[in-house]
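Have the structure open and follow along.

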Amino acid sequence: MVAILGGGLGGLSTAYYLLKNNVNNNNNLRLLLLEATNYCGGWIKSIRTKDYIFEQGPRTIRPKGITGLNTLNMMQDLGLSEHLAPISADHPAAKNRMIYVNQNLHVLPSNLKGVFQKNLPFSKPLIYALFNDIKQPHKELQDDSIYNFVERRFGKEIADYAIAPMICGICAGDAKEISVKFLMKTLFEWEQNHGGVVKGMMRSLFKSKSGEELQLSDLAKKSQEEKWNVYTIKGGLETFPVTLCEFLKQNEVDVNLNTRIEEIEFVDSGTVLLKNSTGETLKANHVYSSIPAYSLANLVQKQHPELSKYLNKIPFVTVGIVNLYFAADKLVSPAFGFLVPPIENSPILGVVFDSCCMPDQNGTVLTVMLGGRWFKEKFGDDATEKKLFDIAMQEIKKILNIKENPSVYNVSILNKCIPQYVIGHYERVEKIRQYIQNNNLPISLVGSSYDGVGINDVVYSAKTQIKGDCIYK
Ligand SMILES: C=Cc1c2[nH]c(c1C)Cc1[nH]c(c(CCC(=O)O)c1C)Cc1[nH]c(c(C)c1CCC(=O)O)Cc1[nH]c(c(C)c1C=C)C2
């Protein structure tokens, strides 16, 4: 029996690929998914009514790259093809991404032409950043913060107004702490191996590309032909984990809700005991942990304090989400929304214009994101939903010039929801996996704590982890 800890997208995807593996290899491995709460889907949660959808976690998925195409293959397999709502590259939600600087909203360039023009708040056309890169001397490093790297190669304005807000949008984190390898591994390697980004890029143009071949589903091919930028799911993103969970149950995966594991004991390389909160002990041959690294740290603390210490070194941040529904239509211009660079020292991280990104919404739907890396600093230890709502309203009235109050709203505090891949993250994860291997522990690590925080990354890391675990072949 294989046990899967956690019923978020990481755990569900792990069960899905283990099931596929069973079918492909004619195995009959029993699969048991254990979820501590009464819901499968983790942070992906949608509140739907006939007029609006409030997304409490992620809202869009990227179709591109091997990880994006892989998720589309899974979507088709789950029968979700007709439920997807693509946003094409020329849609305002794809083109108009803004930042709020010096009390003004500025649209970021979205095409090559824009790179040659001067766009506020930048003092020069962005193309000048490449000259900066060519001029910079070589600096040998193992890792660096993404902010330092971009400031060094492309200048402070790009670091402050493009990269730092983008890091807020992706992981609600501080670019001065996040590893450059999180988003720019290839660029960093070009700098380290070839002395600069432009030099590395020129050399790579003459090298043949190699990568994993992925057989594309019709849906994945369609996304390429129609040039999708991102997509959502009609009726809310929650449809994805809910459908995936149903698929697993129909295929005889045991999904146990309200089952909180409190301790893990490794007996030998093929036996592991999972003790739950009611004092019951489950025996498995292998366990896949998709729960946050800090939760796993608690479970292994007694038997493997060193492993627990490494796991606890992966920090997480809390995000406040304020969803707002206004009956009036088009209160904002058509755009994806805006981000506030940390240098502006605002109480909010950004706002998504959901009614522009998602179909079938009457009126105006906005989501204000607050806190992240600065949650405690801005809101203290006793942040209340009322406090977050008041701040969100005050900011959107000021920035978007909205006069009315929302007809409906929802506030969620997502406690420790996004892992932070701080400097040294990848080496730390390597050390954790090395410890597991050296001690022959029958456990594999999946989920957002280790190999990528996005939806596509989480799905893909479940697939690659299972492929690498030779015990099932
Ligand atoms: C709970 C809040 C979340 C914030 N980021 C994420 C969540 C769940 C996760 C996330 N969002 C994006 C990515 C990148 C890769 C992907 O899968 O699409 C991840 C992992 C994309 C994204 N979401 C927002 C922005 C501005 C971006 C950046 C890229 C883009 O322009 O598409 C909206 C947004 N998310 C967060 C904030 C603070 C925010 C602000 C408007 C945090």
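## The sheet

Five strands, in the order β9-β2-β1-β13-β19, make up an open sheet with parallel pairing. Its edges are β9 (254-256) and β19 (443-445), each pairing on one side only. On average, neighbouring strands here are turned by 20° against each other, direction ignored. Between β1 and β2 there are 4 bridges, and Ile 4 sits opposite Leu 33 in β2. Strands pair when DSSP finds at least two bridges between them; strands (E, at least two residues) and helices (H or I, at least four) are DSSP runs numbered from the N terminus.

## How to read it

The model is predicted, so local features need pLDDT of at least 70 and side-chain atom pairs 80 or more, while totals for chains, interfaces and linings use all residues. Numbering starts from 1 along each chain as its sequence is written, and side-chain values use heavy atoms, leaving out hydrogens and water.

Buried means under 20% relative accessible area (1.4 Å probe, protein chains only).

## A bent helix

Look at α8 (residues 181-194): it bends by about 45° at Leu 187, the angle between axes fitted to the seven residues ending there and the seven starting there. Its buried residues include Phe 182, Phe 188 and Trp 190. Just after α8, Gly 195 has a positive phi of about 85°.

Note on methods. Buried means under 20% relative accessible area, exposed over 50%, partly exposed in between (1.4 Å probe, protein chains only). Axes are lines fitted to C-alpha atoms, for helices over the stretch in contact, and angles run from 0 to 180 degrees between N-to-C directions.
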